Amino acid sequence: MSSGSASTSTAGGSTAAADGTTSSSFWRNNSRTIPGRPTTVTNRIGSGRPIGSSSSGSSSSFQDYQDSVSDAWDLGDDEFCIISGVVDTRISKRASQTAALNVIKTHKSTSSGSVVGIKATNSVRTDTQQTSPTSEGSEQTAGQLEQHQQQQNEEDSHNVTTALRMENLDLQPQQQQRPQPNDGTVYVNDQRLRQRFHAYPGRPQLLKLSSNVASKDVECESKYEKFSNILEAPLLNLIALKELSWSGVPRKMRAVTWRLLSGYLPTSLERRQTVLERKRVDYRKLVQQYFDADRRDESQQDTYRQIHIDVPRMNPHVALFQQQLVQEMFERILFIWAIRHPASGYVQGINDLVTPFFIVFLQEAVGADKDLEQCQLSDLSSEQRDIIESDSFWCLSKFLDCIQDNYIFAQLGIQAKVNQLKELIQRIDGTLHRHLQLHGVDYLQFSFRWMNNLLTRELPLYCTIRLWDTYLAESDGFAVFQLYVCAAFLLHWRDQLLQEKDFQGLMLLLQNLPTHNWMDSHIGVLVAEAFRLKFTYADAPKHLEAKS
């Protein structure tokens, strides 16, 4: 600091101007009294000046403004008055005593089922036996118990203050080693104070490093409540539903959410049940009209034969899909879809796209908490099975509308997307692209299945369902976004691919990627990276075209 500024500070913040007038320094930093921070009673009363008056008698300054608003936040208004970063600010005695008594009262009420309560009771009994001989009267015993209780209150009050200071001054608790108390009282007090402390808006939130079951349940319940508010509105806000569903849909709300996102249900709440009933009746009429074997021509019979071969091959390791009722449902869904879409007809791989819808609607029928691996479709009523089948058909039809060109003759849509993936990887990661090209790996050899089956063969089923939450929530359809998902998926295995030094090793890895341990969190990272890539090239519309 320069000498001039030092002299100004020594003079108490006043400086003489050229015209002889004296004014207070406007920018003087006073860490003891700052507006908006609690000030002690001594500081407020001991100022010795009326509000709005200046010590020098000159015009009002920032210091005068501080004095005039110093009581804007009364000490009694806030229960905890320790502010992070202010060392000399002391906690209100009344607030600390009140908090301590509340903690003690809570301990007393829950002592019967609490380990801490048992230990505290044993401690009191031990002290009483040591300090109270059998010859002493009941008055002395009562006095010692009262004295012990008073000591316990003082210790709890000290623990409250200590926990509060730790909460405010240490914002990274994961770096602090928690001491191991002898009786566990301090730890429980600390935990309860943390819960109560963070209930106030604006408090610094602790960094959650572990994603345990409890935190997932709380997050799920919070999201469930948001979904309920949107879905129960008389007129659905589809944009808000898409934004909320992009990061995943709770299992309980997934069936109705998918119906709405796919366009199967209307946004009007009062019309939904009517539309559902009508569409389900329409599907039963389609089954009666097209699925009768006597009415099939030769081309339709070839289509059915191919479907009948492919369906048993679908998920052979899952017992649910080997049930005859399930396979018959898939055959009807796929056959009727092929008949209604003659431009494409049935293409191998579409059978995999029915599976997520079937699982979601089956989960709705049996209950969100039921395990589907041991589910027997014969245990459901025929009405429930008809609902699952018809809803799966209509949602599949809506879902495939935006990627219809993937399944027309020669599957030109998929070939175009494979070339776009090649250009995208070449721009993003030239090293990986040259490595694949050097060893003779063509993008069509591994990414065709990614595009045709929408990664259903590469991911576990529950991960596919989570991925489709995002696909259905994409505002402009998922056809373009799926390209970036495939790019992010390939880049995820970059290090392993660069370690392979021949064509055989690369193809074995690309066709058998180790995703069996993936969870929903992996899909969250995958779609986030895909969104980053899409956003990066949002202003470069020709980035998917081949370089000239």
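1. Let's start with the overall inventory: the protein's secondary structure comes to 23 helices and 2 strands. Helices here are DSSP runs of H or I with at least four residues, strands are runs of E with at least two, and both are numbered from the N terminus. A word on the source: this is a predicted model, where local features need pLDDT of at least 70, side-chain atom pairs count only at pLDDT 80 or more, and totals for chains, interfaces and linings use all residues. Residues are numbered from 1 along each chain as its sequence is written, and side-chain values use heavy atoms, with hydrogens and water left out.

2. Now the whole-chain numbers. Of the 548 residues of the protein, 41% count as buried (buried is under 20% relative accessible area, exposed is over 50%, partly exposed is in between, with a 1.4 Å probe and protein chains only). Among contacts with a separation of 6 or more, 70% come from residues 24 or more positions apart; a contact means heavy atoms within 4.5 Å.

3. Next, a helix pair. Two packed helices are described by the angle between their axes and the distance between the axes. For α13 and α15 (residues 382-400), the angle is about 35 degrees and the axes are 10 Å apart. The axes are lines fitted to C-alpha atoms, for helices over the stretch in contact, and angles run from 0 to 180 degrees between N-to-C directions.

4. The contact residues of α13 with α15 divide into 10 nonpolar, 2 polar and 4 charged. In that count, Ala, Val, Leu, Ile, Met, Phe, Trp, Tyr, Cys and Pro are nonpolar, Asp, Glu, Lys and Arg are charged, and the others, Gly among them, are polar.

5. Have a look at serine 344 too, in the loop between α13 (324-340) and α14 (350-366). Serine 344 counts as buried, at 14% relative accessibility. Its side chain makes a polar contact with the side chain of glutamine 404, at 3.0 Å. (A polar contact is a pair of N or O atoms within 3.5 Å; within protein, one must be able to donate a hydrogen and the other to accept it, and residues adjacent in sequence count only if both atoms are side-chain atoms.) Setting aside neighbours within four places in sequence, serine 344 is in contact with Trp337, Gln404, Tyr407 and Ile408.

6. On to the aromatics: a search of the whole structure finds 24 aromatic pairs. Rings of Phe, Tyr and Trp (its six-membered ring) pair if their centres lie within 6.5 Å; planes under 30 degrees apart count as stacked, over 60 as edge-to-face and the rest as tilted. Tyrosine 304 and phenylalanine 335 are an edge-to-face pair, because their ring centres are 6.1 Å apart and their planes are at 85 degrees. The two sit 31 residues apart, tyrosine 304 in helix α12 (residues 298-313) and phenylalanine 335 in helix α13, and the pair links distant parts of the chain. Both tyrosine 304 and phenylalanine 335 are buried. Elsewhere, ring pairs link Trp258, Phe357, Phe399, Trp468, Tyr471 and Phe478 into a cluster.

7. Which residues of helix α22 (residues 503-511) are buried? They are Gly505, Leu506, Met507, Leu509 and Leu510, and they pack against α17 (430-438), α18 (443-453), α20 (478-492) and α21 (494-499). Phenylalanine 446, found in helix α18, is buried with a relative accessible area of 3%. Phenylalanine 446 and leucine 510 are 64 residues apart in sequence and 6.4 Å apart in space, C-alpha to C-alpha.

8. Asparagine 315, in the loop between α12 and α13, has a phi near 45 degrees, a positive value in a residue other than glycine. Alanine 410, in the loop between α15 and α16 (412-428), also is not a glycine and has a positive phi of about 70 degrees.
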